[in-house]
Amino acid sequence: AVNLETKMAAPYESGMSSSASSPGFGIHCTSFQKKTRSKLVSISGTKHSLQNGLLLISTGIPSLDYVLGGGLAVGTLLLVEEDKYNSFSFLFLKYFLAEGVVCGHNLFVASASKHPGDILQDLPAPIVDDVGKIEMQEEVKIDSKKLEEPMTIAWRYQNLPKMQTSMSSSLRFGHYYDVSKQMAPLMVQSAKCHKFFLPDEVCLVSSEMPSNMNAGYRQLLLSIQRVIQEEGFDGACPQNKQRNILRIGIHSLGSPLWGDDICCRDNPQHVHSFTKFLYGLRSLLRTSLSACIVTVPAHLIQNKVVMARIMLLSDTVVGLESFVGSKLETSPLYKDYHGLLHVSKIPHLNSLVCNVPDNKDLAFKLKRKLLTIEKLHLPPDLSDTVRRSGKQDLAEPTKSLSFGCPTTAVSKKHLDF
């Protein structure tokens with residue numbers, strides 16, 4: 001036992017003797033260091049998540065940031081399923097780019113139908129903090145007046161606590177934008193933007209690169225890779241430049257204008273072209289300080305298997321269902337909203353469980369100047385003066401689900417409880 005103790009203590013004694021004999025070391029030398037706060041990368045317009053420690057950026061819509069768990073994680077892909085008329089999904093993309101201009105981030109805009117220069121000129125103008133607070137207070141006053149209106153029939157609901165429909169956090173992250181005004185040209189010109197317009201690209205077909213990917217997708221992927229490597233956004237290589245974020249916005253990817261036929265046929269010729277592009281794009285995003293938003297006309301993709309693969313290769317999937325051109329546009333139950341928001345997928349990075357929203361019934365509405373996402377809250381509609389066609393429309397789908405049950409709630413002569 002004595003020999004074992006001496007053998008184990010020998011390296012310790014030799015280490016102490018060598019450190020003591022070397023200059024600059026004393027007898028009371030220790031290997032313990034004072035615990036200090038780790039120095040995180042500080043980039044304008046970013047914050048670190050308290051749940052998983054990821055670097056987050058704002059999508060330009062604070063209520064959408066709240067739904068996604070605080071913001072869009074750097075290195076991830078957000079897929080937005082377009083509405084039928086591509087009005088609100090295109091607005092989501094412009095909010096994302098406008099936030100990048102205000103924060104000083106670099107932009108990469110790609111489109112096959114609209115020129116990126118025209119998209120940048122139509123960005124919404126940011127709201128100054130003081131003006132934004134006043135306008136937000138006015139919106140809250142208007143909503144509070146609506147809630148304070150007495151209910152003539154459902155009087156028992158007056159003493160119930162009011163439901164908070166707004167999706168927002170106490171910590172402000174991101175900016176508000178005025179849809180009715182355009183961003184100043186000098187502010188847009190101050191941002192460094194890389195543009196990709198498919199009709200302007202000349203070298204689309206190359207025989208030296210045989211691939212199953214579409215020529216337009218391949219050229220777009222090479223352009224994104226070149227910008228990431230040349231502008232210093234590659235996290236794998238050491239960079240001497242100041243760290244910044246690259247915001248990538250791709251408009252209506254997968255449409256026939258991109259040369260893809262997934263929206264035209266049940267069995268497209270290049271069925272793996274779109275998914276192969278997403279696979280390469282995610283590999284670029286994971287190793288760089290960049291984030292991407294892609295809008296896809298999901299209602300035109302006829303093959304459900306292809307759409308399932310697209311959702312699988314995306315980190316976050318959000319779908320927009322607009323009321324424009326549908327029966328719900330004239331329904332009194334949805335008169336305060338412009339469409340529904342479907343959250344199909346949320347990533348779980350650096351954690352075992354993803355951040356699930358508190359309420360899955362979400363709706364978006366475009367107010368006088370702001371685009372907000374709120375909880376879908378249908379008030380009790382028991383007034384005699386209100387049309388009951390909306391109630392009947394909602395009750396009709398339940399007929400197929402009621403196995404032999406009487407459907408007396410559809411009748412207009414009885415109150416619906």
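Select Lys 47 and Phe 173. The charged end of Lys 47 sits over the Phe 173 ring, 4.6 Å from its centre. Keep in mind that this is a predicted model.

Next, pick Arg 247 and Phe 96. Here Arg 247 lies over the face of Phe 96, and the distance to the ring centre is 4.8 Å.

Now turn to the aromatic rings. The structure holds seven aromatic pairs. Show Phe 196 with Trp 258. This pair is stacked, with 6.3 Å centre to centre and 5 degrees between the planes. Phe 196 belongs to strand S8 (residues 193-197), while Trp 258 is in the loop between strand S9 (246-250) and helix H8 (273-286), so the pair ties together parts 62 residues apart in sequence.

Ser 252 is not a glycine, yet has a positive phi of about 50 degrees. Most residues other than glycine have a negative phi. Ser 252 is also buried, with a relative accessible area of 11%.

Last stop: Asn 86. Look in the loop between strand S4 (77-81) and helix H3 (88-103). Asn 86, again not a glycine, has a positive phi of about 55 degrees.

Terms used:
Residues numbered from 1 in each chain as written. Predicted model: local features only at pLDDT ≥ 70, side-chain atom pairs only at ≥ 80, totals over all residues. Heavy atoms only, no water. Phe/Tyr/Trp six-rings, centres within 6.5 Å; stacked < 30°, edge-to-face > 60°. Helix = DSSP H or I, 4+ residues; strand = E, 2+ residues; numbered from the N terminus. Lys NZ or Arg CZ within 6 Å of the ring centre and 35° of its normal. Buried < 20%, exposed > 50% of the residue type's maximum accessible area, 1.4 Å probe, protein only.
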